[in-house]
Amino acid sequence: MVRPRRIVLVRHGESEGNSDDTVYEREPDHALALTHTGRRQAEETGKQLRDLFGPERVSVYVSPYRRTHQTLRAFDLDPGLMRVREEPRLREQDWGNWQDREDVRLQKTYRDAYGHFFYRFAQGESGADVYDRVGAFLESLFRSFEEPDHPPNVLLVTHGLTMRLFCMRWFHWSVAEFESLSNPGNGEVRVLELGAGGRYTLNRPFERWREPEPYGITG
């Protein structure tokens with residue numbers, strides 16, 4: 001198995017929904033585009049990624065949403081060094097179809113009280129549902145490492161919650177640890193770096209908004 005030197009996670013730049021939550025009443029979540037600020041954020045992140053990858057090849061997986069595809073394009077990575085695959089399992093948490101702003105705000109209040117991992121949005125997903133599909137993606141990713149010519153870098157262009165759940169699954173964090181962490185900002189990067197003994201470490205922690213509250217010894 002050829003383990004990549006780096007697995008890089010990036011949240012998309014600011015979207016229309018991030019700047020104006022009324023847009024969800026008029027446009028599907030998957031169709032929302034980047035704002036001008038979001039494009040600038042993605043371009044700045046692209047500079048970091050080009051410096052990080054240099055002349056090395058990159059295996060790219062991108063969420064099927066418009067804002068993630070636009071973010072990837074704004075990175076301006078060398079197409080000759082990329083192998084790009086759209087990966088639906090890296091999509092945003094499903095909050096239902098057409099969204100009523102006041103209903104979503106109410107459900108977010110319920111979610112904050114109930115717990116982000118277990119609360120399921122009406123006609124949508126819970127964090128636990130997203131965790132399961134991220135786990136299925138990881139199985140596919142591990143199989144790809146068996147390819148003898150696998151690139152030394154993996155890049156995932158995805159969403160904030162998905163990034164946290166990917167790391168939760170990879171590093172075997174508890175639900176309590178997940179619940180204590182905040183999403184990264186738009187355009188933010190996290191890098192899993194391969195070290196001695198074949199173990200990966202996270203280059204930068206997620207911000208913690210509270211101390212974990214475990215039920216038992218696994219916290």
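Student: What is the order of the strands in the open sheet?

Tutor: The six strands run β3-β2-β4-β1-β5-β6, with mixed pairing. Strands here are DSSP E runs of at least two residues, and helices are H or I runs of at least four, numbered from the N terminus. This is a predicted model, where local features need pLDDT of at least 70, side-chain atom pairs count only at pLDDT 80 or more, and totals for chains, interfaces and linings use all residues. Residues are numbered from 1 along each chain as its sequence is written, and side-chain values use heavy atoms, leaving out hydrogens and water.

Student: What makes β3 and β6 the edge strands?

Tutor: β3 (82-86) and β6 (200-202) each pair on one side only.

Student: How do you know that β1 and β4 pair?

Tutor: Pairing takes at least two bridges found by DSSP. Six bridges join β1 (residues 6-11) to β4 (residues 153-158), so the two count as paired, and they run parallel. Within this pair, V10 stands opposite V157.

Student: Nice! Now α4: why are V104, Q107 and R111 called buried?

Tutor: Buried means under 20% relative accessible area, exposed over 50%, partly exposed in between (1.4 Å probe, protein chains only). V104, Q107 and R111 fall in the buried class, whereas D112 and A113 on the other side of α4 are exposed.
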